[in-house]
Amino acid sequence: LTWKRSTYWLSIRHEKEVPMRNSLIELIKKLNPVIDSIPREFDSPDKIEAQLHAKLPIEYRSFLEANKTTLKFDSIIGYTPIKPSPWASSKNGMQHLDMLYGLASAKNSLLNKLNTYTDRIPDGCLPIGDAGGGNQILLSTRPGDYGKVYFWNHEEEMNEKGDPATGNAGMYLAADSFVDFVERLSVEEDEDDLDDGLESITLRV
């Protein structure tokens, strides 16, 4: 009985994953991505989960398994977040995305970025993309906001005293899920629409 139930659950899960994964791939294709580098080896989602001590959201894991490489964008990719950060355009509130990390064992892999930022970003969050200027796109695996996507402003990782910030410092809600985030992405023709927000950033040297 247990085996039958688990088999049935897996079949239902597979039926949900396939159309969702295909939909995500089609949305990404419209953004004209390019492969960051020719991969020789790949990390596994299980390895990412083991290091996070948490399960990846099903739609994000499904996307990784279908598209394992890190994707860069030659075009200007913009999105309107739920909560704009100081880097958002003053004209239309848009922010931009430079790269989506993948499983390929390379400089811009998910695992490498997780190792790089693990002591800088809030616990339970995974850097899944490069937002330019040292900023990251984070995916939460925490119980309270599981699956939500954030823009992380690296300028706020230190508090006014120069000590590491705590809690959700520097995090701005970009989307309610990875699917929601991808659906918000679009190719922008006017670069000026995405750089006005930089005027409000105070750089630390």
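Which residues have the most contacts inside the largest nonpolar core? Please keep in mind that this is a predicted model.

1. **The main core.** The largest nonpolar core has 38 residues, and Tyr60, Leu110, Leu126, Ile137 and Phe181 have the most contacts inside it. Strand S2 (residues 71-79) gives the largest share of this core, with four residues. As background, nonpolar side chains in soluble globular proteins tend to be buried together.

2. **Leu126 and its contacts.** Leaving aside neighbours within four places in sequence, Leu126 is in contact with Ile48, Leu52, Leu56, Tyr60, Leu110, Leu114, Ile137, Leu138 and Leu139. Tyr60, Leu110 and Ile137 in that list are also among the residues with the most contacts inside the largest core.

3. **The buried side of H4.** Helix H4 spans residues 110-117, and its residues Leu110, Leu111, Lys113, Leu114 and Tyr117 are buried. An α-helix has 3.6 residues a turn, so residues three or four places apart point the same way. The cover over the buried residues of H4 includes H2, H3 and the strands S4 (125-130), S5 (136-140) and S6 (149-152).

4. **Asp43, worth a look.** Asp43 sits in the loop between strand S1 (33-35) and helix H2 (45-52). Asp43 is buried but has no salt bridge. Lys47 is the nearest side chain of opposite charge, at 4.0 Å. Not counting residues up to four places away in sequence, Asp43 touches Leu103, Ser105, Ser109 and Leu111. Leu111 is also one of the buried residues of H4.

5. **Positive phi at Asn32.** Asn32 is not a glycine, yet its phi is positive, near 55°. Asn32 belongs to the loop between helix H1 (2-29) and S1.

6. **Positive phi at His53.** His53 also has a positive phi, of about 60°, although it is not a glycine. You will find His53 in the loop between H2 and helix H3 (58-66). His53 counts as exposed because its relative accessible area is 73%, and exposed means over 50%.

Definitions and conventions:
Residues are numbered from 1 along each chain as its sequence is written. This is a predicted model: local features need pLDDT of at least 70, side-chain atom pairs count only at pLDDT 80 or more; totals for chains, interfaces and linings use all residues. Side-chain values use heavy atoms; hydrogens and water are left out. Helices (H or I, at least four residues) and strands (E, at least two) are DSSP runs, numbered from the N terminus. Buried means under 20% relative accessible area, exposed over 50%, partly exposed in between (1.4 Å probe, protein chains only). Lys and Arg count as positive and Asp and Glu as negative; His and the chain ends are not counted. Contact means heavy atoms within 4.5 Å. A nonpolar core is a set of buried Ala, Val, Leu, Ile, Met, Phe, Trp, Tyr and Cys residues joined through side-chain atoms within 4.5 Å.
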